[in-house]
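Open the model in your viewer and keep the selection tool at hand. The stops below say what to select and what is there.

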Amino acid sequence: MFENIELLVLGSLFAIIHFVSPYIAKYREHIEPHFSSLAGGFAVAYIFLELLPSLEVSHDLVGERIYFLILLGFAVFYGIEYYTERYRRKKAMAGIRDGIILAQAFLYNLLFAIAIGEEAPETVFLALLFAILMGFHLLSNDLGLVEELEEKFIKYGRFALIFAIFLGITLHFVSEPSEFLMDIIAAVVAGIVLYRVSRSELPEFDRAHFLSFVVGSLFFIGIHILLVEG
């Protein structure tokens with residue numbers, strides 16, 4: 001587990017990613033389809049090499065309910081996006097739709113920040129690699145939010161996500177969450193990640209690049225080996 005100062009540094013790096021994401025979004029069209037495919041490769045490798053194995057450990061403590069919690073995380077975020085998509089067709093409801101999208105992103109970043117306190121490695125080098133991988137995932141999510149919310153994300157949405165990151169980290173400073181609670185949070189986050197990858201992080205075939213997907217997967221595999229051996 002990270003010491004408080006190291007966790008704060010990691011959170012600061014994620015906060016910087018949220019802050020600069022609108023500027024990176026301006027160049028997204030120049031790096032597609034490689035960017036989305038690379039991010040998809042990271043995400044898929046993360047699921048099979050890190051996420052699912054970690055849930056096997058949580059299974060011993062939480063029991064069979066772990067799978068219901070994963071399903072809950074998946075279903076809740078699916079339901080949120082299902083209804084926000086319906087709001088898209090009603091201009092009068094656009095403000096509500098944008099608020100729901102931002103609240104969803106806030107909740108995900110809050111849970112994500114709480115979870116990283118248990119997942120991040122202790123050595124500086126491996127922690128840096130971990131930050132790159134997870135930061136790439138957050139950046140991919142942010143670019144989608146820039147496309148959805150446009151000026152609203154730039155003006156206040158990204159700052160709400162920065163607040164969510166530091167709020168989650170602050171909980172580790174105030175009181176160390178119990179192992180049981182951390183396993184519940186990890187399971188819910190797992191369901192959310194599975195949903196986001198299945199819906200968002202793997203691009204459509206007409207804007208995908210398979211070799212970039214492979215490179216992303218191989219890069220994560222290499223980092224995974226370093227993390228395990230480290």
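Select L139 to begin; this is a predicted model, and L139 has a relative accessibility of 11%. L139 counts as buried because that value falls under the 20% cut-off. The residue lies in helix α6, which runs over 124–149. L139 and F14 are 125 residues apart in sequence, yet their C-alpha atoms are 8.8 Å apart in space.

Which residue does E148 meet in a salt bridge? Select R97: the closest N and O atoms of E148 and R97 are 2.2 Å apart. This pair links distant parts of the chain, with E148 in helix α6 and R97 in helix α5 (residues 94–119), 51 residues apart.

From D98, move on to K152. The side chains of K152 and D98 meet in a salt bridge, 2.7 Å from N to O. K152 lies in helix α7 and D98 in helix α5, so this pair ties together parts that are 54 residues apart in sequence. K152 itself is partly exposed, with a relative accessible area of 31%.

Show the four residues together. R97, D98, E148 and K152 are linked in a network of salt bridges. How many salt bridges does the count come to? The count is three.

Next, turn to the surface and select I5, L8, V9, L13, I16, L128, I132, F173, V174 and F219. These residues form a nonpolar patch with about 890 Å² of accessible area together. Colour the helices to see where the patch comes from: α1 (4–25), α6 (124–149) and α7 (151–174) each supply at least two of its residues. Which of the helices gives the most to the patch? That is α1, with five residues.

End the tour at V9, one of the patch residues. V9 is placed in helix α1 and has a relative accessible area of 47%. V9 is therefore partly exposed, as the value lies between the 20% and 50% cut-offs.

Terms used. Residues numbered from 1 in each chain as written. Predicted model: local features only at pLDDT ≥ 70, side-chain atom pairs only at ≥ 80, totals over all residues. Heavy atoms only, no water. Patch = residues over 30% accessible without salt bridge, like charges linked within 9 Å, V, L, I, M, F, W, Y side chains within 5 Å. Areas by Shrake-Rupley, 256 points an atom, 1.4 Å probe, with all protein chains shown as cover. Helix = DSSP H or I, 4+ residues; strand = E, 2+ residues; numbered from the N terminus. Buried < 20%, exposed > 50% of the residue type's maximum accessible area, 1.4 Å probe, protein only.
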